[in-house]
Amino acid sequence: MPRPSKSARVTRRSALPTAISSLLGLTFASGLALAQSASEIEFKQCVGNLQAKAVEQGISKQVVDDVLGQVRYQEKVIELDSKQPEFTQTFADYFGRRVTEDRVEKGREMLKEHRDILKRVERETGVPAHYLVAFWGLETNFGSYFGNMPIPASLTTLACDPRRSAYFTEELFAALKIIDAGDVQADNMQGSWAGAMGHVQFMPSVFLRHAVDADGDGRRDLWGSVPDAMASAGNFLKALGWVPGLRWGREVQLPDVFSYSLAGRDESYPVSEWKEFGVKDAFGRPLPNADVEASLLVPSGHRGPAFLVYQNFEIIMRWNRSEFYALAVGRLADRIAGAGPLQTPLPENELQLTRDKVRSMQSYLNMLGFEAGEADGVMGPATRKALSRFQRAEDMVADGYPTQEVLDAMDFDQIQRVQQDQQERAQRKQAKD
């Protein structure tokens, strides 16, 4: 048989990688299709189980079949649920983006436009109108954006994910009960990827317990009825324990020499005692001799504004477990009611830390015995207390706030050296045994 020409041999060798690539591509595509098929089967099985449990919960079979029978897996929801922000947000950035002049002006317009229903809710619940409008502004910018995710499908997807299945299963059943009651049609039940809905972004379980029909049309409509939404928000805050006649807190001024170990929500003193500590109101005037319990927050450290917060601040935090959120609601409410901007401006160019950097800082503080708690990358109260103790040991202002100066004083390489030494000791011990 004659030997192939050189050009033919080259052509065959060139074609070989292409053929292999095509084969590998087909194999990968087949594997991906099988994985997707397996996931789809698992999701269908999960939905079937949820349908059976929903009927046991007393939800009508028609709603169960019509709604759960049509849901589709929402991959985007899982991505959003598992996604962690790369950077921790500073208070100046968070507050500055939310308590804006435009939002204050719009809030004042909403206060006038809906004065009748807002005053009615205030009489019935004890929650002042400007607070209701502030929540509304923070949650959906006064109804301008509710979210566009299909709530039943989103909650079903999350209920079938093992991370928080129990919680989202209960929220899914609550959503189905809302549909079953006729408050909203399934196709119109849209909101955030996590299931928050309507003008004030209630989760379905909160909707079931606290939503009310304020406009008398027979439905609790948190999407199309501002009266229902405002009355529901007031009803929820009243149930959480809102104290009528008490404000959320106030901006204050601290003396030049001050012990920041007093800061934090775990420390509480009467306003009259804060007055003795040298704390004044935002304009430098003496605080009243009041026995109202208050805690001090310095969310940007000693270079930024300081706040005394009262019991209603804790109620706001039961709506959303974020001090930044609660401060924004309180100050937005004040501004809507006529107050001016902060007297102590927000600091510029605040240090923005990655979660990994916060974890390293927490590990370093723990290694030195300052007990920052779990190294989770979150600047919580325990971390701030530990950082304050470190600052005090380094003769810095002990405000528990991370600055570049603080980070420069930390020997992060020491963590790696200690960890490496511990690993080597463990290996030697294992070899000896």
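Asn141 lies in the loop between α7 (129-140) and β1 (149-150); helices (H or I, at least four residues) and strands (E, at least two) are DSSP runs, numbered from the N terminus. The phi of Asn141 is near 50 degrees, a positive value in a residue other than glycine. This is a predicted model, in which local features need pLDDT of at least 70 and side-chain atom pairs count only at pLDDT 80 or more, while totals for chains, interfaces and linings use all residues. Residues are numbered from 1 along each chain as its sequence is written, and side-chain values use heavy atoms, with hydrogens and water left out.

**Positive phi in loops**

- Most residues other than glycine have a negative phi.
- Asn141 is partly exposed, with a relative accessible area of 34%; buried means under 20% relative accessible area, exposed over 50%, and partly exposed in between (1.4 Å probe, protein chains only).
- Glu371 also has a positive phi, near 55 degrees, and is a residue other than glycine.
- The loop that holds Glu371 runs between α15 (355-367) and α16 (381-393).
- Glu371 counts as exposed, at 62% relative accessibility.

- Helix α2 covers residues 61-68, and its buried residues are Val63, Val64, Val67 and Leu68.

**A patch of negative charge**

- A patch of negative charge on the surface is formed by Asp102, Glu105, Glu109 and Glu113.
- Patches are made of residues with over 30% relative accessible area and no salt bridge, where like charges are joined within 9 Å and nonpolar side chains (Val, Leu, Ile, Met, Phe, Trp, Tyr) within 5 Å.
- Lys and Arg count as positive and Asp and Glu as negative, while His and the chain ends are not counted.
- The place of a charge is taken as NZ of Lys, CZ of Arg, CG of Asp or CD of Glu.
- Accessible areas come from the Shrake-Rupley method with a 1.4 Å probe, and for residues only the protein chains shown count as cover.
- Glu105, one of the patch residues, belongs to helix α5 (residues 101-113).
- With a relative accessible area of 43%, Glu105 is partly exposed.

**Salt bridges**

- Side chains of opposite charge can pair when their charged atoms come close.
- The structure holds 17 salt bridges, each being a side-chain nitrogen of Lys or Arg within 4 Å of a carboxyl oxygen of Asp or Glu.
- One of them joins Asp81 and Arg163, whose closest N and O atoms are 3.7 Å apart.
- This pair links distant parts of the chain, 82 residues apart: Asp81 is in helix α3 (residues 75-82) and Arg163 in the loop between α8 (151-159) and α9 (165-180).
- Asp81 is buried, with a relative accessible area of 13%, whereas Arg163 is partly exposed at 45%.
- Arg97 and Asp93 form a salt bridge at 2.7 Å, N to O.
- Arg97 and Asp93 are separated by about one helical turn because they are four residues apart in helix α4 (residues 91-98).
- Arg97 counts as exposed at 58% relative accessibility, and Asp93 as partly exposed at 24%.
- Arg335 and Glu101 meet through their side chains in a salt bridge of 3.2 Å, N to O.
- Arg335 lies in helix α14 (residues 323-336) and Glu101 in helix α5, so the pair ties together parts that are 234 residues apart in sequence.
- Arg335 is buried, with a relative accessible area of 7%, while Glu101 is partly exposed at 48%.

**Buried residues and contacts across the sequence**

- Ile336 is found in helix α14 and counts as buried, at 3% relative accessibility.
- Between Ile336 and Arg103 there are 233 residues of sequence separation, and 8.8 Å in space, C-alpha to C-alpha.
- Met189 lies in the loop between α9 and β2 (190-191) and counts as buried, at 0% relative accessibility.
- Met189 and Ile151 are 38 residues apart in sequence and 5.8 Å apart in space, C-alpha to C-alpha.
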